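The tour goes from one selection to the next.

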Amino acid sequence: MSDATEHSIIADFDVSSWEPTPYVVEGTNSELSTVRAVKIFEGSISGTSVADLLLAGNAAGAGYVGSEVFAGSVEDREGTMVIQHWGLAEGEATASSGHIIPGSGTGGLAGISGKAIYPQAEDGQHRLELRVTFPAAAAGHSETGAESNGSAGADSAAEAR
């Protein structure tokens, strides 16, 4: 059972690593690549993530799909989770959003569910907005329980790399 209250949590992040690997598919008119990106989050969402992305782009626009393993804390709940997200760009217009994979949360993030939105910030800063619910038991989470699961969550994210 989940806490019926949806939490809207926004945090800034920086991309600390961006490793593209181009590939070719015969007959396409777009540049294609896979990218391994590492992000560092600060604020109500704090930690690191490793994202594997598939990108396609041409003169008219670009798009991506990706899976991202996050290890850290969301509103002081320590653990890991997987976010599946996508984005499109056409001229100046962009859209990017996704969802937390159901059942992917560990530690203090076990049972987390909801959406991930990557708003386009006018100042150029990267941001993530999570619109999530937590399981009822997590609503009264204890710091001790969250801390005991934090190192396991970080180890899981490291293994995913």
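Two strands count as paired if DSSP finds at least two bridges between them. Strands here are DSSP runs (E, at least two residues), numbered from the N terminus. The model is predicted, so local features need pLDDT of at least 70, side-chain atom pairs count only at pLDDT 80 or more, and totals for chains, interfaces and linings use all residues. Residues are numbered from 1 along each chain as its sequence is written, and side-chain values use heavy atoms, without hydrogens and water.

β1-β2-β3-β4-β5-β6-β7-β8 form a closed barrel of 8 strands with antiparallel pairing. On average, neighbouring strands of this sheet are turned by 25° against each other, direction ignored; the axes are lines fitted to C-alpha atoms, and angles run from 0 to 180 degrees between N-to-C directions. Strands of a sheet pair through backbone hydrogen bonds.

Next, select residues 31-43, strand β2, and residues 45-57, strand β3. These two strands run antiparallel and are joined by 11 bridges. The hairpin they form has 1 residue between the strands. Now pick V38: which residue stands opposite in β3? The residue there is V50.

Select G57, whose bridge partner in β4 is A62.

Finish with strand β7, residues 113-117, and strand β8, residues 126-133. This antiparallel pair is joined by 5 bridges. Select K115 and find its bridge partner in β8, R131.

Methods
Helix = DSSP H or I, 4+ residues; strand = E, 2+ residues; numbered from the N terminus.
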